[in-house]
Amino acid sequence: MASNSSSSSAQQRLRIIAGHLQKRPEDEHASVAAQECKAETPRSNPSSAAPVPKRRQEIMKWNGWGYSDSRFLFNKKGQAEFTGKRYRLSGLILPSLKDWFEGTFGANLQHKSPATPTVNLSAVAPPNLNEPFIEDLKAAGVAASHDPEDRVFRAHGHCLHEIFALREGRIGRVPDMVVWPSCHSDVEKIVELACKHNVCLIPYGGGTSVSSALECPHEETRSIVSLDTSQMNRILWIDEKNLTAHVEAGIIGQDLERQLNEHGYCTGHEPDSMEFSSLGGWVATRASGMKKNIYGNIEDLVVHIKMVTPRGVIEKSCLGPRMSTGPDIHHFILGSEGTLGVVTEVTMKIRPIPEYQKYGSVVFPNFQQGVACLREVARQRCAPASIRLMDNEQFQFGHALKPQVSSIFTSFLDGLKKFYITKFKGFDPHHLCVATLLFEGDRGKVLQHEKQVYDIAAKFGGLAAGEDNGQRGYMLTFVIAYLRDLGMDYYVIGESFETSVPWDRVLDLCRNVKERIVRECKERGVQFPPLSTCRVTQTYDAGACVYFYFAFNYRGLSDPVHVYEQVEHAAREEILANGGSLSHHHGVGKLRKEWMKESVSGVGLGMLKSVKEYVDPQNIFGNRNLL
Amino acid sequence: VVLFSPHFRIRKRDDFEDVLEERRRSSDLRYALRCYTPTLYKGLVPCKVSMLKSIVLQSDHLQCVIKQVSSESGDSTECVAEEASLILDEMAHRMQLSTVRFFVFTLSKAFKRLFRSVCVNEEGIQRLQQAVQEHPVVLLPSHRSYMDFLMMSYLLYMFDLPLPVIAAGMDFMSMKFIGEMLRMSGAFFIRRSFGGDKLYWAVFSEYVKTMLRKGYAPIEFFLEGTRSRTCKSLTPKTGLLNIVMEPFFKGELFDVSLVPVSISYERVLEESLYARELLGVPKPKESTSGLLKARRVLSEDYGSMHVYFGHPVSVRSLAEGKIKRSQYNLLPRYIPQKPSVDTHEFLNDAAFRLVRIQEENMVLKPWVLIATLLLQNPDGMDLSSLTEQTDWLRHLALAFGAFLDWPDHEACSEVISCSLALHRRLLSVSAGHVQLSVTDAPQVETTPEEAVFQRAVVVLSCASYRNQILHVFLRPALLAVAMQSANSSRKDDIYNCFNFLRNMFSNEFILCPGDSVQDFEEACYLLMKRGVLQVLEHEIVMSASGQSTLAFLCSVLEPFLQGYQVVCRYLCEETNENLTEKEFIPAVRSFCFVCGSVNCLHTRSCLLLVLISVSTDLIMHVLGPALFCYMCVCHHGIRSPEVL
């Protein structure tokens, strides 16, 4: 059966390759657009771009973010640089990062807090294996491993406390085994066997969770099996008549996008983690993409979902674009965070690659004006593909990431711009903030759209500030996680968290949460003022999504992670008290579980619990997220 | 920022400095014209007085209420909006620095004549300076005199703090010229009662909130609502407190700092005026001509004055765990919402605690001790025994945590004679015998009632000083009375009795609702520390040396108990069904006279005692609990032994 399905998938792959060889689009540059900021794999032989290997640790860090070859470091001259060749920033010197870093955090390059270089395999507890399960699995032909490195890699997401512990070489409960299904029917077999032998399954997609969703519950006594979906990464078919694609759920964002691009299509779903996060993960957490204004969030993008549960497979019987058949069963699956089953295949909407893409930015005298402008843009429903408003601290952060300028002329030009904005226009450099924009579509419409948005911005005192600033703003979101690793080398820890909130409360929420963070840090003995900054990252008709960065220098603290967690907890309380939601797109996991009842009411929680009880009475999917 | 400590402790208090000293040395005019550069709130949104008005009128909240009122009344929205605008005109302050400077000049002159010194805790000022920058500030001074808010603004100007806007009663506005002057120095005027008037409430609350949100100026108002005629803190009102806290509840402000300020006078300017009012003489209407007539107060010596700026209390920490701010999540914030039951409870509790802080930081002068003793000895005391007992009382008061301003290196007798001299209008001292008496008006006594009235004025004036220290003795005194009337040494019985008394006096004294166990423990602790009691596991036993202290404490509450008794008796014996409030007070008062002559309260002093207790103030306070007792009596035919 396994060989059968893999051969059929090989055929499909051949078909796809053949297809795109036939109709290679004549305008090469069209597909470049969306990829500017993200890691690029060599384009010479697109179909051979390597998918995620089983042994991820071979190309990715085991105790930090992203690819092993890409990291920030301060070189001998004390200048920051980004290593590797994957990113636009790779190999560049960032001259102002050091000053920003030391100034903002009171950090010092002399004070290092390096990570443990390699996994201490002796610290990994021996696996608690369920032998009959393993035997049956072997018989079914599913790839598996209980190599300690494989297990450690899948025992965590990217919460601060998880990475911090790894850097210190501390390893807690890890899965006892990893399995790699290669198709839907493999998953069916695994789930069936797990039920049969009472084994706990934890689905693992991209591993980018920031909600403690991948942590193995301490109270779990059964054998824990991590179900890695990375090998289910094929696009099974593309339907150009209906503009849909049927994709295996283990595919990661950048592969999906690249492969669709080869056909002239895209999904347009670009969460900040898209280099590593998987389609199944998006579905399971209700992900949101940067360009949701055009393409929608994941719930708007899916047409059909197939999920394997202990009760069997759940799916709809047709691909109708909308149905009135009682509560949408997709909404039991979306956001179920691996508690009900494994998403194996998804039919998604696709769009032709946009003809033209343009970045932009607007500087506002202050954050209030910026929010007012975004609100107006939302009111007129003319938001570009992406519009984000960074506060002053984040604007300065962004500036610190400016690469070394190549010519005197550019630096002169920069100086002139700065002079114009601060002196001529009277913007206070300590209050001004910047909105970054991304327009997409056909050229004419983009230009028209751009004008419309800039006209609105002008009404709120906004000044157009160029494409460069805009593009750098988006870059920040892709490198921020790498930057956190740099910070952790020098006693700085940090994290991001998000919420969604009605328009009229955006300003109050941002101010109060930022201030709460500063105050809590002070009260808990943090020696230096923290970085407490936010941006409005998404606009909706009735509100916005707000994203916070929070980081501080932990020198002098005996238990920095605990302090960090207390502050984050307080910040979440503050968000909820100010009318914000528990999460906009990160999900609940185990980190925010305690507020679920308050968030969805006792009855709401009861409903979810009864679904869980019906679908998975044995708690096979025992990651204990959400409920 | 300080949280309320749940346990009793004697706090360390700041030192004082006399701010008039500097004034006596340099030019007042130059001082009034000096460069004034106040410390500002970091989130200040600069805003002119005129802009303030349009912001309030344009606010979503007011617009929403205008629409509501218009649809309820059938008037056009323009018409209602016009009305709102008029209300705001009537209410709004028009702060002007020039007027403030004028006040600073004249007040400098006046204060120097009236007071020997005006003492301020400068550390408190420094804390305030800090607080003002961080969050919007609400100043909550105690209210014993008209002087209070003049003094507050004067001090804030002096220390380069932002000048407050002050919620003042409408009465002042009727004062020609002066009313406008006050308005220009930051007072805004509110009607005394506007319970049902939705529009008025909306304009008023939006006005205050707007100033708070913009960080326009510190808001100043009196928790007690009005001047306390008895110098006893009044049961706080929560309306304005709710208004200033709401911007925090709704997330519009990160925090609000409440700064309780205790202002105490060695001699209150309005001393005899208050006594007359309490005896039923109507308060003279505030008028400019009245003020001019009152000039003569300028020629008298009012001793020293103390202003203590307490630690700023953060609304955020106060509400922590008590207010669920997310309750405001589901309604647009501009729609007015009645405070929930929880919120109401919280406000009430917070208000009581703030008044308690005011009380605790109130400076007490030696005269307060003397007045207490003289009232307990209506026939007067020998100077020597007065000295001895004052000294004894002083130590008791200090042990109970009183904030006593006793000169450091002076003999007790010296201190006492100084105090007696300052308050000579209430006393007669002859041949080493001190007695409360009318020294001011030696006219022929026309009727016995009038003579009694004259004496009552003196005694009530004196009582107003004793009242200043009541909060120090209150809890131990309640325990002392409870022990006396419980007829048992079982802790439970005594506690029940204590609790009964506490409930009965809930309107009379500042007793935080819900703190009864804590108060009981505090009383036990204080008396135990003093060696008066032994508190065992299930029993409370008086120690041999404790007799005099307990007797003293009982007599502190005696007048109140007697007063309540009389009112209850009146209610039981005399009252007919439909008695209005207006008739009630005079009726009780004449009932006292009857009691005095018929019953065996032979001596004049006893009669007086009762009369004093049965002042307007007390009659109103007793009503709630007394009606309850009265009903007990009617229904069960039994008399609660503790009261009757």
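Predicted model: local features only at pLDDT ≥ 70, side-chain atom pairs only at ≥ 80, totals over all residues.
Author: Local features need pLDDT of at least 70 and side-chain atom pairs pLDDT 80 or more, while totals for chains, interfaces and linings use all residues. Residues are numbered from 1 along each chain as written, chains are lettered from A in the order written, and side-chain values use heavy atoms without hydrogens or water.

Reader: What area is buried between chain A and chain B?

Author: The size of an interface is often given as the accessible area lost when the parts come together. Here about 1300 Å² is buried (1.4 Å probe, summed over both parts), with 32% from carbon and sulfur atoms. A:Arg505, A:Glu515 and A:Arg519 supply 40% of what chain A buries against chain B, more than any other three residues.

Reader: How many salt bridges does the rule find across the interface?

Author: A salt bridge puts a side-chain nitrogen of Lys or Arg within 4 Å of a carboxyl oxygen of Asp or Glu. The rule finds six between chain A and chain B; one of them joins A:Glu515 to B:Lys42 at 3.3 Å, N to O.

Reader: Which helix residues of α6(B) are buried?

Author: An α-helix has 3.6 residues a turn, so residues three or four places apart point the same way. Helix α6 of chain B (a DSSP run of H or I, at least four residues) covers residues 97-114. Its buried residues (under 20% relative accessible area, 1.4 Å probe, protein chains only) include B:Val100, B:Phe103, B:Val104, B:Leu107 and B:Phe111. Among the elements covering the buried residues of α6(B) are α8 (147-158) and α9 (178-184) of chain B.

Terms used. Buried area = accessible area lost by both parts, 1.4 Å probe. Helix = DSSP H or I, 4+ residues; strand = E, 2+ residues; numbered from the N terminus. Expected span 1.5 Å × (residues − 1). Buried < 20%, exposed > 50% of the residue type's maximum accessible area, 1.4 Å probe, protein only. Contact = heavy atoms within 4.5 Å.
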